[in-house]
Amino acid sequence: LPRIAQRLNLGIDAFAFVDDNPFELDQIRSIVPEVTCFHVDEIPALRAHPRLQGSTSDDSRKRRQFYKEAIEREEVQAAFGGDYLAFLAASEIELGINPYTVNDLERVAELVQRTNQLNFSGRKYSRVELDEIVANPELSKYVLRCEDRFGSYGTVGFCIARREAERIAIEDFMLSCRVQSKFLEKALFDHIRRNLSGGVALPVWVNFRATAKNKPAQMVLDDMGFEASAEGGRQLGAEADLTCAFIRVETQAAKT
């Protein structure tokens, strides 16, 4: 199971194991306690299980295709040996960063409820809380979509930001593990800083709160040079370079 999870870039807690042998079930529980285990006799009731409820979003319906494309990427990446950046540059990554619209609601609701590894604040929002956020005119709400030469990743992220007097504040950011280690965070922060700063060099502050599951988000910030802020969260200096040459950013207004 851990190898399957790694290949699909999923958290091990996203898996369920079904078997008719109590010994096998107990063994899985002891080796990988994060996996939810079911006896075969429970199968008729699984359709109503809260952990196994499906989604109506377009991204959920395409999940099988996403996994197939991920396997193809993995096979091509192997040809680049250890030169991961060369593989990313050859992947022709395009990141769409657009304002939130009501059509994004179902997928954004999934992201704010289910994202763990790249959930920077660690928060999970209810529908009521999400409605309040998207209705707040003081916040800039961004929806991220991504594709490359292998196919589309779909809608992969949701970010809430605001321009403050002396900094750009990333109030919250959830990014799908489908695009982990692709430097999309860096490209997004660069885009937001350029668009909200008004031409003034400003630091970028991220509302990061460590949880048991979001170590990958912390590693992303560490790699970019973010440092702990006295008030909590992480901050990057105004002069820090956030450009990411191998990612093409597209917005509704223009391409950069």
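**View 1. E138, R162 and E171 sit together in a network of salt bridges.** A salt bridge here is a side-chain nitrogen of Lys or Arg within 4 Å of a carboxyl oxygen of Asp or Glu. This is a predicted model, where local features need pLDDT of at least 70, side-chain atom pairs count only at pLDDT 80 or more, and totals for chains, interfaces and linings use all residues. Residues are numbered from 1 along each chain as its sequence is written, and side-chain values use heavy atoms, with hydrogens and water left out. Zoom in on R162 and E138: their closest N and O atoms are 3.6 Å apart. Helices (H or I, at least four residues) and strands (E, at least two) are DSSP runs, numbered from the N terminus. R162 is partly exposed at 22% relative accessible area, while E138 is exposed at 58%. For these labels, buried means under 20% relative accessible area, exposed over 50%, and partly exposed in between (1.4 Å probe, protein chains only). Across the structure there are 13 salt bridges.

**View 2. R167 forms salt bridges with E164 and with E231.** The closest N and O atoms are 2.6 Å apart for R167 and E164, and the N to O distance is 2.8 Å for R167 and E231. The E231 pair links distant parts of the chain, 64 residues apart: E231 is in the loop between β8 (227–228) and β9 (234–236), and R167 in the loop between β5 and β6 (168–175). R167 itself is buried, at 12% relative accessible area, whereas E164 is partly exposed at 26%.

**View 3. The largest nonpolar core has 40 residues.** Such a core is a set of buried Ala, Val, Leu, Ile, Met, Phe, Trp, Tyr and Cys residues joined through side-chain atoms within 4.5 Å. Those with the most contacts inside this one are F120, I170, F173, L184, F189, I192 and V206. Helix α9 (residues 184–196) supplies the largest share, 6 residues. Leaving aside residues up to four places away in sequence, I192 touches Y142, C159, A161, I168, I170 and S197; contact means heavy atoms within 4.5 Å. Another core, of 13 residues, lies apart from the largest one and has L111, V112, I160 and M174 among its members.

**View 4. Helix α10 (residues 215–224) has P216, A217, Q218, V220, L221 and M224 buried.** Their cover includes α9, β7 (204–206) and β9. After α10 comes G225, with a positive phi near 95 degrees.

**View 5. Strands β1 (residues 16–19) and β2 (residues 36–39) pair in the parallel sense.** They share 4 bridges; two strands pair if DSSP finds at least two bridges between them. On β1, F17 and D19 make up the covered face, and A16 and V18 the uncovered one. V18 stands opposite F38 in β2. The chain gets from β1 to β2 through helix α2 (residues 22–31), in a right-handed β-α-β crossover. Right-handed means that, with the strands pointing away from the viewer, the path from the first strand over the helix to the second runs clockwise.

**View 6. E92 has a positive phi of about 55 degrees, and F183 one of about 70 degrees.** Neither is a glycine. E92 is in the loop between α6 (84–90) and β3 (93–99) and is exposed, at 55% relative accessible area. F183 lies in the loop between β6 and α9 and is partly exposed, at 32%.
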